[in-house]
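Reader: I have a model open and some questions about it. Can we go through it piece by piece?

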Amino acid sequence: MEKGSNRRVKTAIYLCAILMMGAIAVASNIASIAAAFPEAGQTKVVAYLISAPCLVVILVTLVTGKLMDFVPKKTLMIAGVLFWLVGGVLPYFMDSLGLILVMRLIFGVGVGIVQSLCPALVIENFEDPAERAKVMGNMTAFQMLGAIFFSLVSGNLGRISWNIAFLVHLIAMVSLIAAVTCIPYKQPVKTSSSGEKGKFRPTAMMWVWCAAFFVYMSGAQTYANFASSLITEQGLGDTVAAGYSLACFALGGFVMGFIFGKIADIFKKLTLTVGCVVLSLSFLIMTFAANLPMSYLGAFICGLAFSICMPCILNGAGGAVPQASSGMAVSIATCMQNAGMTVCPYLVTAGGAAFAASGKLSGTQGAMLFSIIILLVLAVAFTVIGFAGNKKTI
């Protein structure tokens, strides 16, 4: 790929990656939105605004992987950003929770497409492993930058009015321009180098990486789910302090994203192991933090670990199959990511109850400790894989 085109596609990937964590764009304003619909209650509002789009994402990631076989990625990305923009902004004009739900489902379609396309574009356009790892890491950095932007801007807009917070989704206009002008138009690969008709060709290692993403998110998502409760239950601060914790997490992810390539180059096949150990350490710090600065430090380290593990797994899944199958491989991995996020609260709450049974720990602390076990099991598994010398690992 020529240097000019190389820079252009990177720009598009990064500016579209800002939208990847869009499901949390209005999360900081759930309370004010729920207050606008008192008949529904906060639980229903959360289900409509956060849970419903995430469930749609699981299905859409698989469909997107199949669509990549015959629809150019540029076309798919433009469609995804448009779904994201329309479904995100239109609730500003609505006063019906039912209509807002419809828009959030459309929004979820956009999130699913963008989540699948960003890493798929990295795999397609950057063949050198070192450069691919660097671009994948930078993509994660911009994903975290989006989380910071959403939490700060949406929170301030929400102070004006509950519905104005939805205007934060107008940021997608920048992504749309980048998708239209910077993503190269490439027809999907129809045939392989041997002349055989191109089709999805999964490998055993690809399925291992996809399963790893499910297991990883089953434990790692615990922080996002329980960050607020962890701080308030320990008496370290209120919901505002919890918001700053999420900002520290996103900042850590943003910083690590830019140096992930070097981390992957140093640890190679043990990169995921290192990420899981670092994440476990961050969970331990936050679980027993004696003060708010210590909790914030744990959140920052948590963000660092996320930006090690997530690009590592996406790289692994996409690199474990032939080039023509990489799009579908990444989509399956992304689907497993969202499935793990969905299972997480049920799994860790049940597992954490065992730790909390003694009465010395809260249910939230128990859930964090149970998540550490999940992450360490995954770390051990990939240590074994790493020392086995399988060339399909990162």
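Reader: How far apart are phenylalanine 254 and phenylalanine 258 in helix α10?
Author: Phenylalanine 254 and phenylalanine 258 are 4 residues apart in helix α10, so about one helical turn separates them. Helices here are DSSP runs of H or I with at least four residues, strands are runs of E with at least two, and both are numbered from the N terminus. An α-helix has 3.6 residues a turn, so residues three or four places apart point the same way.

Reader: Before going on, where do the coordinates and numbering come from?
Author: This is a predicted model, in which local features need pLDDT of at least 70 and side-chain atom pairs count only at pLDDT 80 or more, while totals for chains, interfaces and linings use all residues. Residues are numbered from 1 along each chain as its sequence is written, and side-chain values use heavy atoms, with hydrogens and water left out.

Reader: Back to the rings. What is the geometry of phenylalanine 254 and phenylalanine 258?
Author: The ring centres of phenylalanine 254 and phenylalanine 258 are 5.0 Å apart and the planes stand at 90°, so the pair is edge-to-face. The rule takes rings of Phe, Tyr and Trp (its six-membered ring) as paired if their centres lie within 6.5 Å; planes under 30 degrees apart are stacked, over 60 edge-to-face, and the rest tilted.

Reader: How exposed are phenylalanine 254 and phenylalanine 258?
Author: Phenylalanine 254 is partly exposed, at 22% relative accessible area. Phenylalanine 258 is also partly exposed, with 40% relative accessibility. The cut-offs are under 20% relative accessible area for buried, over 50% for exposed and partly exposed in between, with a 1.4 Å probe and protein chains only.

Reader: How many aromatic pairs are there in the structure?
Author: The structure holds 12 aromatic pairs. One of them joins phenylalanine 142 and phenylalanine 258, edge-to-face, with 6.1 Å centre to centre and 75° between the planes. This pair links distant parts of the chain, 116 residues apart: phenylalanine 142 is in helix α6 (residues 129-158) and phenylalanine 258 in helix α10 (residues 239-267).

Reader: Phenylalanine 142: buried or exposed?
Author: Phenylalanine 142 is buried, with a relative accessible area of 19%.

Reader: Which residues make up the aromatic cluster?
Author: Tyr14, Phe142, Phe254 and Phe258 form one cluster.

Reader: What about α5 itself, how many residues does it have?
Author: Helix α5 (residues 97-125) has 29 residues and reaches 41 Å from its first C-alpha to its last, close to the 42 Å expected at 1.5 Å a residue. The expected span is 1.5 Å times one less than the number of residues. α5 is mostly covered, with 21 of its 29 residues buried.

Reader: How many disulfides?
Author: The count is 0 disulfides, taking a disulfide as a pair of cysteine sulfur atoms within 2.5 Å. Cysteine 16 is in none, and the nearest cysteine sulfur, that of cysteine 118, is 5.4 Å away. Cysteine 16 is buried, at 0% relative accessibility.

Reader: What does glutamine 221 touch?
Author: Leaving aside neighbours within four places in sequence, glutamine 221 is in contact with Met341 and Cys344, where contact means heavy atoms within 4.5 Å. Glutamine 221 lies in the loop between α8 (204-220) and α9 (222-233), and is buried at 12% relative accessible area.

Reader: Last, the whole chain. How many helices and strands?
Author: The protein chain has 14 helices and 0 strands. Of its 394 residues, 54% count as buried. Along its principal axes the C-alpha trace spans about 65 × 50 × 30 Å.
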